[in-house]
Amino acid sequence: MLVTWKIQSVFSNAYKCNSSIIEWNDIRTRTALFTELALGRKLIPFERQMFLFPRVCEVCKIDDQKILKNCDRCLCVSYCSDFHQTQDTQHADKCSLLKLCKKLDTSVNDLTYLSYLDEILSLHCSFTSKLENMEELFKKCSFPTEKNNVQIQKILCSELVSCPLTLLYFLQHIERQYCIKDELIVHIVGASNLECGVAKVWNIIPHWLNKVHKLHIVFIGPNVVHKENTFSSCYTNGKENKIKVELEFHKTLYHNYIQSEGHTHPQIIVAFNCGLHEYEGSSNDTWKSTLPCFFKLPDLHIIITSYTKSEAVKDRDILMSFSDKADILFDCIDNPFSSNRPHRDWDNIRSDVFFINRYASVVHVN
């Protein structure tokens, strides 16, 4: 790359972007793409981070490693001079979150938090009403402090359960206004390891839904972690009322799945962190073929989540552009079961951090 581009270091020309965030984003993504083409393979996560979070001055983008100094609190940003560090007045508000990101990233391989899942699954016995938010749930949990900070354990656990609890939260509201059948079929579209990684978390839902006796969840998307279909059973409130949970996995695009033999018709479709706006108008936009399929199904509820409020508005507008027969039940609301884990955001147009499932909308198709 240095020879081809005739540069001293990979980001030696970054200072020329003249504080344009869009241009700075373009430089990083082009450099990562060029590397993948040269290597003949996709970059693995830590390699990609080398290009998306390079060590350059936060203000002027100079990459002279000899003069750069890191912020000694978060270690996530660098400056070429004390003057530029003082000039970056916005960093003070984000520094603590970036520091937390680092702490979480270095703690995530400590899987202690997974051991609290069984306790969370049984917590329905401790509540007399519906769940309202993540904080309320964790107040009932006991998180031992021997191995790791309690705050870290709760934050990592919140990301593990955010998807099923988000679905549960809106199901409970839908259940009050609309008839939920004895057998509930849910399609999770654009699924990835976030939704499929720990199948057990989806057993949370039937514990809290009194009317449902069979829950069938279908994970569909090109990034689905391929698994054999799994079947499990649980009991609600200790009664001999058996609830069957079926999980089904399909590594394909939704508009292909819906035309395949043996496909199911859902009452609920969910797209977590959907990013409908991200590829709009490009040749890589597969949503334009998928979204019309949503509105061909009668009496359907669609739930979408997004990282930020501005993205949630764009995603909602794109979804609604495919139908004039749908009603918005929840409009870009602050999701009470958003993950509490901040992630570093390389796309500084949004923010320095983002949260999974932060905002949500729910649409009813008549």
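**A walk through the predicted model**

The span of residues 57-95 is 28% helix and 10% strand, and its end C-alpha atoms lie 15 Å apart; helices (H or I, at least four residues) and strands (E, at least two) are DSSP runs, numbered from the N terminus. UniProt, in an unreviewed entry, places the feature "domain: MYND-type" at residues 57-95; such annotations may be inferred rather than shown by experiment. This is a predicted model, in which local features need pLDDT of at least 70 and side-chain atom pairs count only at pLDDT 80 or more. Residues are numbered from 1 along each chain, and side-chain values use heavy atoms.

Helix H2 (residues 21-39) packs against helix H3 (residues 45-52) at an angle of about 140 degrees, with the axes 8 Å apart. Arg28, Thr31, Ala32, Thr35 and Glu36 of H2 make the contact with Arg48, Phe51 and Leu52 of H3, where contact means heavy atoms within 4.5 Å.

Buried residues (under 20% relative accessible area, 1.4 Å probe, protein chains only) in H13 are Glu311, Ala312, Asp315, Arg316, Ile318, Leu319 and Met320. Their cover includes helix H12 (287-294) and strands E8 (300-306), E9 (326-334) and E12 (359-365).

Asp352 is found in the loop between strand E10 (342-344) and strand E11 (353-355). Asp352 counts as buried because its relative accessibility is 11%. Beyond neighbours within four places in sequence, Asp352 is in contact with Lys94, Leu98, His343, Arg344 and Asp345.

Methods
Buried means under 20% relative accessible area, exposed over 50%, partly exposed in between (1.4 Å probe, protein chains only). Axes are lines fitted to C-alpha atoms, for helices over the stretch in contact, and angles run from 0 to 180 degrees between N-to-C directions.
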